[in-house]
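The following exercises are intended for a reader new to this structure.

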Amino acid sequence: MPIKASADKLAREIQLYGNPPVFPAAEDDSSAEVAEDSQADQAAAVAPDKFKSKKSKAAAKTGLQKFQWEIMRGFGLSDEEIAKFQDPSHWLTYFPPLAKEDLKAFGLGCDWRRSFITTDMNPYYDAFVRWQMRKLKKMGKIVKDMRYTIYSPLDGQPCADHDRATGEGVQPQEYVLIKMKVIPPFPPKLKALEGKNVYLAAATLRPETMYGQTNCWVLPDGKYGAFEINETDVFIVTARSALNLAYQHLSRVPEKPTCLVELAGNDLIGLPLRSPLSFNEIIYALPMLTILTDKGTGIVTSVPSDSPDDYMALQDLITKPALRTKFGVKDEWVLPFNVISIINIPEFGDKSAEKVCLDLKIKSQNDKEKLAEAKRMTYLKGFTDGVMIVGEYDGRKVQEAKPLIKNKLLAEGSAVLYSEPEKKVMSRSGDECVVALTDQWYITYGETEWKQKAVKCLENMNTFSAETRNGFEHTLGWLNQWACSRSFGLGTRIPWDEQFLVESLSDSTLYMAYYTIAHLLQNGNMYGQEVSSVKPEEMTDEVWEHVFCDGPAPKSDISPALLSRMKQEFEYWYPFDIRVSGKDLIQNHLTFSIYNHTALVPEHHWPRGFRCNGHLMLNSEKMSKSTGNFRTLRQAIEEFSSDATRFALADAGDGMDDANFVFETANAAILRLTKEIAWMEEVVAAESSLRSGPPSTYADNVFANEINIAVKETEKSYNNFMFRDALKSGFYDLQLARDEYRLSCGSAGMNRELLGRFMEVQTRLITPICPHYAEHVWQKILKKEGFAIKAGWPVAGTPDPTLRSANKYLQDSIVLMRKLLQKQESGSKKPKKGAAPPPAESKLTVGLIYVNEHYDGWKEQCLRVLQSNFDSQARSFAPDEEINEALKNCFIDRETNFKQVQKLCMPFIRFKKDEARNVGPQALNLKLPFGEIDVLEENLELIRRQLGLEHVEVLSAFDGAARAKAGRHAPVLDKNPPSPGEPVAIFMSKEEFGAQN
């Protein structure tokens with residue numbers, strides 16, 4: 001349908017403006033707005049990394065109305081070529097080959113033999129869809145019925161989600177239209193309507209409240225019309241609602257509302273009305289200033305007992321004589337009318353609107369925020385808990401009485417049903433959609449037994465995120481009969497009713513199955529136009545049933561060997577493990593796919609997974625042609641290269657949130673990948689100077705472990721289609737590990753074998769994201785045989801988390817010690833201005849690192865209490881009260897002031913509880929899983945080098961002789977005692993150390 005809509009736009013433009021068209025110059029009727037926006041733009045400060053449109057708001061809005069011809073020119077097409085696109089089929093032959101070339105340039109790995117298009121231009125796919133539709137109808141899952149549906153008057157057919165420019169997912173909203181009869185004699189403005197039944201028609205969602213009507217509301221400056229409904233009845237409503245009515249068999253001329261008199265809201269004020277169910281025999285039309293004419297009919301019933309809006313608007317008129325005078329409202333139209341109690345709501349009584357308005361101190365009908373809150377507080381509770389206290393359903397709950405009162409009004413002819421879109425919907429043809437009552441074919445989604453199967457299928461699927469699963473569950477909850485037919489466009493004809501086409505979201509629910517055999521049917525031609533060993537007419541329903549549904553062998557001219565191969569292909573690929581799509585398709589296409597798979601194929605072929613993505617932003621702004629913040633895939637490749645584009649896309653984010661393609665990331669990727677190539681070339685060139693032999697040092701082991709971790713973590717991320725995480729673990733983190741290894745090795749140098757493994761592993765890990773870069777490295781630098789993409793996933797040893805923790809401890813300790821050393825060096829010894837620098841012999845060149853490998857004292861007691869109150873399976877702790885009581889029992893005999901100890905304990909306990917919840921019970925151990933002294937002593941050379949020291953010792957905090965080495969600094973060990981994971985360093989000059997030792 002989008003193609004047909006665009007083709008029709010071109011045809012209309014040619015008809016109106018010639019070929020090639022000469023478009024009228026845009027009238028600058030928004031010059032004031034442009035000037036205003038220009039001043040605003042100059043005043044506004046824009047962050048340098050944020051996209052800022054060069055167009056004003058007015059200009060951007062104008063851009064949205066661009067002619068289709070100009071859009072096509074924007075693709076670089078000539079006028080002569082553009083004219084051909086009036087034919088929808090030309091789109092199908094022109095763009096798919098271009099898309100294929102762009103995807104090849106992007107480096108897409110694809111079996112192009114399986115490409116196909118999905119209209120009746122492809123006779124094989126056409127036969128495939130016809131089989132599905134016939135089978136669904138035979139199963140009773142396609143029916144013909146009169147239903148309300150979103151409809152495009154311009155296209156003359158239902159407007160499904162994919163046919164909409166805006167409003168995807170919007171459904172019809174049903175109202176009850178209350179017929180409030182105008183009592184003659186008519187005022188002069190309505191004289192032309194004499195002899196007819198004239199009604200102010202008000203749309204309501206709450207027919208049960210009609211007993212409490214005190215008046216009717218109109219918008220004083222609103223535009224209304226008197227529209228013929230039939231030979232005798234006239235409804236006064238807005239033109240927008242009249243158009244909806246005309247498509248719902250409520251117009252004398254079907255689909256063409258006939259306006260007998262144009263009216264303003266002021267013309268209606270004071271009209272006497274007789275309204276159904278109202279206890280007041282006559283009510284009057286009064287002015288309300290907050291009516292929205294894009295919802296309902298612009299006519300609103302007034303029930304001040306239960307509507308906060310109505311209550312405040314009526315109070316404004318009662319208490320403000322000047323307001324009555326302004327709109328010509330007579331006292332007798334307002335003052336005699338009291339609030340009528342009709343529903344009792346717990347907590348709010350029988351005048352809920354009055355009570356909530358007083359409680360919230362609402363002052364007038366213009367206090368929109370408080371009125372919205374008042375409605376939120378009362379409407380739902382009124383429906384669920386309210387009880388009728390008037391009328392024939394007195395004593396019944398509102399939710400029971402509501403449908404009964406609705407049916408009573410309809411049966412008496414006092415009301416009619418009316419529907420309109422929940423929100424504004426624009427078709428791709430450019431018109432605003434209505435709701436039409438149409439006789440067409442529907443797929444019976446939502447039918448109880450079928451829905452149960454769909455729910456069962458979803459329960460066994462991998463949706464890769466809770467948000468995606470919630471989206472499917474929500475859609476399965478509301479999805480009901482879906483219009484599957486349309487009058488024109490591209491697609492497959494409904495086999496038994498060929499005046500209709502299959503709607504575009506209904507002909508592509510099972511096409512994943514078609515991929516499996518497309519190459520055998522179409523001989524590599526995406527249009528199915530090549531000579532093939534199978535003729536389209538040979539693909540009968542029996543053949544499809546045999547291939548996809550375990551049906552019996554058909555009587556067919558297709559060779560048994562080819563039929564067998566088709567079936568083997570299908571059963572190799574099915575059930576599919578994953579289908580990747582956009583989040584906007586959860587509410588239609590993807591849920592349809594679940595339904596149709598459960599109906600059409602056996603359970604062992606039901607889908608196993610859907611992975612849904614958000615949309616794509618550019619530089620944190622929505623992609624938009626009208627603002628210029630837009631790139632095609634080809635443009636991005638030409639600007640950044642294919643691999644840098646892929647790199648930035650991988651870094652853009654995953655999941656249901658919108659991904660953000662950042663130009664700076666793409667440019668940085670070019671530099672980063674280029675630098676990496678240069679570094680690898682240098683390493684290969686200097687290979688002979690690298691340390692030979694197997695990896696043996698502590699740094700070697702840490703680096704080898706980081707490589708193993710990267711392999712495992714990246715594999716997990718790729719399996720979950722989390723490309724940003726894969727990029728982080730397989731490239732960014734691995735590069736950091738390499739850089740740290742380079743610093744850690746020092747004079748011993750890096751290990752040749754380990755660097756070779758690093759380069760090979762990193763290349764394999766990034767191949768899915770940057771294949772061209774990977775192939776260059778693989779073949780040109782590493783001199784490997786074959787292709788990187790076929791090299792397979794690298795083999796990795798079991799990661800050692802303890803070694804990683806030990807290295808983190810080492811690196812963190814070095815950072816903390818460096819900061820402490822810098823602080824000491826720049827502290828008391830900093831010379832005053834003009835003074836001589838301190839003598840060289842006072843320089844701090846000796847470091848003593850004191851370690852306590854075992855928690856003791858109050859920390860030990862805290863950990864023992866936590867251990868005894870921790871559920872390792874659930875990773876949860878006993879209530880805080882129990883833990884506090886246990887702590888108190890531990891310290892009661894030893895400490896006179898438990899509260900003072902508790903102040904020390906609480907931060908430590910909070911930290912350890914959080915750590916245990918994250919990593920498990922090992923966080924509560926009394927010592928770390930590695931020897932701190934061993935780690936530090938094994939890396940003394942690294943510590944000396946990193947801190948610029950000449951002499952470093954690692955000492956036990958409990959060794960008296962070791963403490964004596966600290967000399968005058970020993971009190972530091974008492975003031976700030978070391979504990980597991982937190983060594984304490986003391987620095988001194990070589991002279992001071994020598995003197996006291």
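**Exercise 1.** Determine which residue stands opposite M617, and describe the sheet concerned.

Solution. In this predicted model, M617 stands opposite K622, a residue of β24. Next, consider the strands: β23 (residues 616–618) and β24 are joined by 2 bridges and run antiparallel. The sheet as a whole is open and has 3 strands, in the order β24-β23-β25, with mixed pairing. Its edge strands are β24 (621–622) and β25 (659–661), each of which pairs on one side only.

**Exercise 2.** Classify the ring pair formed by F85 and W91, and state whether these residues are buried or exposed.

Solution. The structure contains 59 aromatic pairs. In the pair of F85 and W91, the ring centres are 5.2 Å apart and the planes lie at 80°. Planes over 60 degrees apart count as edge-to-face; the pair is therefore edge-to-face. Both F85 and W91 are buried.

**Exercise 3.** Identify the ring over which the charged end of K179 sits, and do likewise for K913.

Solution. For K179, the ring is that of Y199, with the charged end 4.9 Å from its centre. For K913, the ring is that of F877, and the distance to its centre is 5.6 Å.

**Exercise 4.** Describe the largest nonpolar core and the surroundings of I236.

Solution. The largest nonpolar core has 66 residues, of which M180, L200, I236, L273 and I299 touch the most other members. Helix α10 (residues 308–319) gives the most to this core, with 5 residues. Leaving aside neighbours within four places in sequence, the contacts of I236 include L190, V198, Y199, L200 and I299.

Key. Residues numbered from 1 in each chain as written. Predicted model: local features only at pLDDT ≥ 70, side-chain atom pairs only at ≥ 80, totals over all residues. Heavy atoms only, no water. Phe/Tyr/Trp six-rings, centres within 6.5 Å; stacked < 30°, edge-to-face > 60°. Buried < 20%, exposed > 50% of the residue type's maximum accessible area, 1.4 Å probe, protein only. Lys NZ or Arg CZ within 6 Å of the ring centre and 35° of its normal. Core = buried A, V, L, I, M, F, W, Y, C linked by side-chain atoms within 4.5 Å. Helix = DSSP H or I, 4+ residues; strand = E, 2+ residues; numbered from the N terminus. Contact = heavy atoms within 4.5 Å. Pairing = 2+ DSSP bridges.
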